[in-house]
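Welcome! Take a look at it first, and then we will go through it topic by topic.

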Amino acid sequence: MTRSDLVEELAARFSQLTHRDAEYAVKTILDAVGDALVRGHRIEIRGFGSFSVNRRPPRMGRNPRSGEAVAIPEKRVPHFKPGKALREAVDQRTAELGVGGELPQRQA
């Protein structure tokens, strides 16, 4: 689902919202989440999941072309952890649809 799909879904579910209002609501929520993460805050939406910022320490990597050692600086990256209700809903729905499941056994 893309951002525009989300706007369309919101406008379709709530007939009192115009397309422009739905677009503004989605933009406002996503901007608020992004701003909070930039400030280092954790966002928790009960039943859905939590967003946080993880730290990746600096390390030494290798340039695959030359094999030369390269210093990779520290990074802060966004992280999403799904909530229990979301995990269970996805698991139940995929089981109902027959999507995913176990990998086929390899023949020896």
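A word on terms before we start: two strands are said to pair if DSSP finds at least two bridges between them. Please keep in mind that this is a predicted model. The protein chain falls into domain 1, residues 1-40, and domain 2, residues 42-97.

**The hairpin of β1 and β2**
- Strand β1 covers residues 43-45 and strand β2 covers residues 49-56; the two run antiparallel and are joined by three bridges.
- Within this pairing, Ile-43 stands opposite Phe-51 in β2.
- Three residues lie between the strands of this hairpin, and Gly-47 takes a positive phi near 80° there.

**The hairpin of β3 and β4**
- Strand β3 (residues 59-62) and strand β4 (residues 69-72) also run antiparallel, with four bridges joining them.
- If you look for the bridge partner of Met-60, you will find Ala-71 in β4.
- This hairpin has six residues between its strands, and Gly-67 takes a positive phi near 80°.

**The pairing of β2 and β5**
- Besides its bridges to β1, β2 pairs with strand β5 (residues 75-82) in the antiparallel sense, over eight bridges.
- Ser-52 of this pairing stands opposite His-79 in β5.

**Where the two domains meet**
- Taken over C-alpha atoms, the centres of domain 1 and domain 2 are 22 Å apart.
- Four residues of domain 1 touch six residues of domain 2.
- About 410 Å² of area is buried between the domains, and carbon and sulfur atoms give 86% of this.
- On the domain 1 side, Val-33, Leu-37 and Gly-40 lose the most area to domain 2, and together they make up 89% of what that side buries.

**What kind of contact is it?**
- How many salt bridges are there between domain 1 and domain 2? The count is zero.
- The count of residue pairs in polar contact between the domains is also zero, with both residues required to be at pLDDT 80 or more.

Notes
Residues are numbered from 1 along each chain as its sequence is written. This is a predicted model: local features need pLDDT of at least 70, side-chain atom pairs count only at pLDDT 80 or more; totals for chains, interfaces and linings use all residues. Side-chain values use heavy atoms; hydrogens and water are left out. Domain bounds come from an automatic or database domain assignment. Contact means heavy atoms within 4.5 Å. Buried area is the accessible area (1.4 Å probe) that two parts lose on being put together, summed over both. A salt bridge is a side-chain nitrogen of Lys or Arg within 4 Å of a carboxyl oxygen of Asp or Glu. A polar contact is a pair of N or O atoms within 3.5 Å; within protein, one must be able to donate a hydrogen and the other to accept it, and residues adjacent in sequence count only if both atoms are side-chain atoms.
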